[in-house]
Amino acid sequence: MPAGWPESGRDSHVPGVTGGVVAAVEGALTMARRLWLQAACALLLAATSADSAPLAAQQSEARPEFETFTIAGRIVWLNEALSRRFGIQTVPEAREQMFALETDQGELFGIAEDIRGRALRRDERLRQLKRCELLVRRYRGSPVVQIIRMFEVDGDKRYELDYYCDICAITMFELKACDCCQGPIRLRRREVPADGKLP
Ligand SMILES: [Zn+2]
């Protein structure tokens with residue numbers, strides 16, 4: 001729970017008769033600002049804990065069964081690929097609805113558009129990778145996979161891709177203004193060493 005919660009009661013007391021309106025307006029503004037900050041913190045925590053093993057462990061009890069595996073190939077629009085590969089006459093308005101990964105063997109995996117999936121929509125550079133590797137999760141019964149980690153493959157080298165704010169030193173998973181300072185962030189490309197452990 002973010003620091004500052006215990007104080008929030010101060011904003012909810014009924015202002016006195018003198019200066020009541022001003023106090024109420026100030027209180028409302030303070031509350032709005034605090035709620036905004038708390039929302040920002042919650043988002044930040046959610047984003048930064050996406051790879052957190054303890055969190056995954058906590059949630060695994062409540063969630064349906066899933067498998068985690070790696071797929072590699074190119075990012076494509078699913079409907080374009082269905083049309084190209086199988087001759088399915090997909091309608092134009094559905095063309096850019098869903099992403100898929102097309103493996104080297106020609107298999108298609110639909111990609112759920114959560115924050116990591118939306119990163120593909122927001123950043124053209126991710127869609128243009130010659131070869132991409134995804135660590136994905138698929139729940140039993142789900143037709144699509146969820147991106148857990150994303151890598152660019154270049155020859156025999158692998159680079160983990162995410163977004164980073166150099167000022168706040170925080171990691172994010174899609175292109176946007178920084179969760180914290182609202183400034184620009186950069187696409188971070190870190191070479192994965194042979195032991196698989198990033199510094
Ligand atoms: Zn920042």
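Setting aside residues up to four places away in sequence, Arg127 touches Ile75 and Leu120. That makes a handy way into this structure, which is a predicted model. Arg127 itself sits in helix α5, a stretch covering residues 124–127. Is Arg127 buried, exposed or something in between? It counts as partly exposed, because 16 other C-beta atoms lie within 10 Å, and a residue needs 20 or more to be called buried, or 12 or fewer to be called exposed.

Stepping back, the protein contains 5 helices and 8 strands. Read from the N terminus, the order of elements is α-α-β-α-β-β-α-α-β-β-β-β-β. The protein has 199 residues, and 14% of them count as buried. As for how the chain meets itself, take the contacts between residues at least 6 apart in sequence: 51% of these join residues at least 24 apart.

Phe99 turns up again in the core. The largest nonpolar core is made of 22 residues, and those with the most contacts inside it are Phe99, Ala100, Ile111, Leu134, Ile147 and Met150. Several elements each supply at least two residues of this core: the helices α3 (78–86) and α4 (115–122), along with the strands β2 (99–103), β4 (132–139), β5 (144–154) and β6 (157–165). Which element gives the most to this core? That is β5, with 4 residues. Ile147, one of the core residues with the most contacts, shows what the surroundings look like there. Leaving out neighbours within four places in sequence, Ile147 is in contact with Ile111, Arg116, Gly117, Leu134 and Val136.

Now for the strands, starting with β1 (residues 66–77). Strand β1 runs antiparallel to β4, and 8 bridges join the two. Within this pairing, Phe66 has Tyr139 of β4 as its bridge partner. Strand β1 also pairs with β2, again in the antiparallel sense, this time over 5 bridges. Here Val76 stands opposite Ala100 in β2, and Ala100 is itself among the core residues with the most contacts.

Strands β5 and β6 run antiparallel and are joined by 4 bridges, with Glu152 facing its bridge partner Tyr159 in β6. The two strands form a hairpin with 2 residues between them, and Gly155 in the turn has a positive phi of about 65°.

Strand β6 forms a hairpin with β7 as well, now with 4 residues between the strands; Ala169, in that turn, has a positive phi of about 55°. One of the residues involved is Tyr163, whose bridge partner in β7 is Met172.

Which way do β6 and β8 pair, parallel or antiparallel? They pair in the antiparallel sense, over 6 bridges, with β8 spanning residues 186–191. In this pairing, Glu160 stands opposite Arg190 in β8. As a general point about such strands, side chains in a regular strand alternate between the two faces of the sheet.

Methods:
Residues numbered from 1 in each chain as written. Predicted model: local features only at pLDDT ≥ 70, side-chain atom pairs only at ≥ 80, totals over all residues. Contact = placed C-beta atoms within 7 Å. Core = buried A, V, L, I, M, F, W, Y, C linked by C-beta atoms within 7 Å. Pairing = 2+ DSSP bridges.
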